[in-house]
Amino acid sequence: MTDNTDTIVALATPNGVGAIAVIRLSGANAINIANSVFKGKDLSKQASHTIHFGSIADGDLTLDEVLVSVFVGPRSYTRENVVEISCHASGYIIESIIKLFIKKGARSAKPGEFTLRAFLNGQLDLSQAEAVADLIASNSKASQQVALQQLRGGFSTQLQALREQLVNFASLIELELDFAEEDVEFANRAQLKQLIHEIAKIVGRLIQSFELGNAIKNGVNTVIAGRPNAGKSTLLNALLNEERAIVSHIPGTTRDTIEEVLNIQGINFRLIDTAGIREATDAIEQIGVQRTMEKISQSALLVYVFDAAEITIEDLNNDIASLQKPGVTMLVVANKADLLNKPESQKVGKSERSFADLFANYGFDEHDLSTSAIPDFRTFGLPDIIFISAKEKSHIDELKHKIYSSAVKDQLSGDETLVTNIRHLEALQKTEEALVRVLGGIDGSITSDFLSMDIKQGLHYLGEITGVVTTDDLLENIFSKFCIGK
């Protein structure tokens, strides 16, 4: 653990060319150190949350004209004295000012050390501190909103309420141990059992929310797969509304994966266009097909695209069966729907039943591809099918809605608590296991001392999330991943 009694300094804005840079000092001597090199007002006599114009000078050498913001502890981010110097973003100026502060008694801050001090000084709990890093790294509206809600303490408040209820019962059971010889029960077992069921339900819901929370935080791996010439690259271009992938009528044009990010209603979907799935004609194509299958296994969402005017029912069923993977949601997309019911689409041999024939037999207009106008293909052993024309860019918005809803599943709301951190997930899973043991102990009428141990285990794991229970190694692991200056 680092020394938290000294004053630390770091650049709080990104390195690189820019107009302004902000250098941050935090610690008991932050104001005095800044004041010793500031030419302007006496910073030690200024009120908190004030900004002052002047210059930073090393002796007779003026380094830069600056604005200095003063925050007197505990009314600051770290609850210590904090000074922020806004200077010109010259690499030379920044380095010179930081070196000057170090010469005057400060030391360079380690990654995340400002936020670590905020946690150690009670400004933030541990889950809120982690939300700071998530907020900095957020790259979509949804990830920003989830991180902001956690930073405001929504997750912490819910966990704290659970812990308080458990602590109350744990105290009563501990009291029973003091009167073990009298064989009395201060904790009503029926009420305890009901409470554990209620807490377990909430913990289970938080665990289930991780799938969506992780998708919001890191994006959703979405693979576009299908046979050669099904229109996968054309679909990628249509979804992105730009010519990202090369489109050709020659089968096997895409030999390697192409990855792009599509934002739908605040959630990032990492689209991966893949090589066409077929028996490869050369070694390079074979590698492409292997990579396709690997990407599908690693994805959360698979958009399977087929040529509605060409494919047979048998091939369609075989493709769907071969591409289904555990934990991967599949959307089945019929492309080239604009060619259905047209003579040139009837190319499948008469001995094979084609998808186009099946569609035509029911007399549906290829221009009306709304859900109400499409037959229920489940009666033919097929899943729900989304009809589009990637070339004509028709029904692309409907597909985007399906992609979004398949990931969100109506779980996203303004006040919903979502777990986004794998550390929190693991702690919640261990909490759930402890609660199961408590329930088993109540039903098995175990003694109060063993019941108390299991409740304490649950409290321990809940406490790890917010930082009620910490170790130096845990804090080092968490804050070492922060950027320097935060």
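User: A salt bridge is a side-chain nitrogen of Lys or Arg within 4 Å of a carboxyl oxygen of Asp or Glu. By this rule, how many salt bridges are there?

Analyst: This is a predicted model: local features need pLDDT of at least 70, side-chain atom pairs count only at pLDDT 80 or more, and totals for chains, interfaces and linings use all residues. Residues are numbered from 1 along each chain as its sequence is written, and side-chain values use heavy atoms, with hydrogens and water left out. By the salt-bridge rule, the count is 17.

User: Which residue forms a salt bridge with Asp-58?

Analyst: Asp-58 sits in strand β4, and its partner lies 45 residues away in helix α2 (residues 91-103). Helices (H or I, at least four residues) and strands (E, at least two) are DSSP runs, numbered from the N terminus. The closest N and O atoms are 3.2 Å apart, and the partner is Lys-103.

User: Are Asp-58 and Lys-103 buried, partly exposed or exposed?

Analyst: Buried means under 20% relative accessible area, exposed over 50%, partly exposed in between (1.4 Å probe, protein chains only). Asp-58 has 32% relative accessibility, so Asp-58 is partly exposed. Lys-103 has a relative accessible area of 55%, so Lys-103 is exposed.

User: How far apart in sequence are the parts tied together by Asp-6 and Arg-107?

Analyst: The side chains of Asp-6 and Arg-107 meet in a salt bridge at 2.6 Å, N to O. Asp-6 is in the segment before β1 and Arg-107 in strand β7, so the parts tied together are separated in sequence by 101 residues.

User: How many residues of helix α3 are buried?

Analyst: Helix α3 spans residues 113-120 and is mostly covered. Just after α3, Gly-122 takes a positive phi of about 85°. Of the eight residues in α3, the number buried is seven.

User: Which helix holds the salt-bridge partner of Arg-437?

Analyst: Arg-437 meets Asp-454 in a salt bridge at 3.3 Å, N to O. Arg-437 is partly exposed at 38%, whereas Asp-454 is buried at 15%. Arg-437 lies in α14 (residues 422-443), so the pair ties parts 17 residues apart, with Asp-454 in helix α15.

User: In which sense do β8 and β11 pair?

Analyst: Both belong to an open, mixed sheet of six strands, ordered β9-β10-β8-β11-β12-β13. The edge strands are β9 (258-264) and β13 (385-387), each pairing on one side only. Two strands pair if DSSP finds at least two bridges between them. Strands β8 (residues 220-226) and β11 (residues 301-307) have five bridges, and their sense is parallel.

User: Which residue of β11 is the bridge partner of Ala-225?

Analyst: Strand β8 covers residues 220-226 and strand β11 residues 301-307. In β11, the bridge partner of Ala-225 is Tyr-304.

User: Is Ser-69 buried or exposed?

Analyst: Ser-69 is in strand β5 (residues 61-71). Contact means heavy atoms within 4.5 Å. Beyond its neighbours within four places in sequence, Ser-69 contacts Thr-50, Ile-51, Val-82, Val-83 and Glu-84. Its relative accessible area is 12%, so Ser-69 is buried.

User: What share of the protein chain's residues count as buried?

Analyst: The chain comprises 16 helices and 13 strands. Of contacts between residues at least 6 apart in sequence, 67% join residues at least 24 apart. Among the 486 residues, the share counted as buried is 48%.
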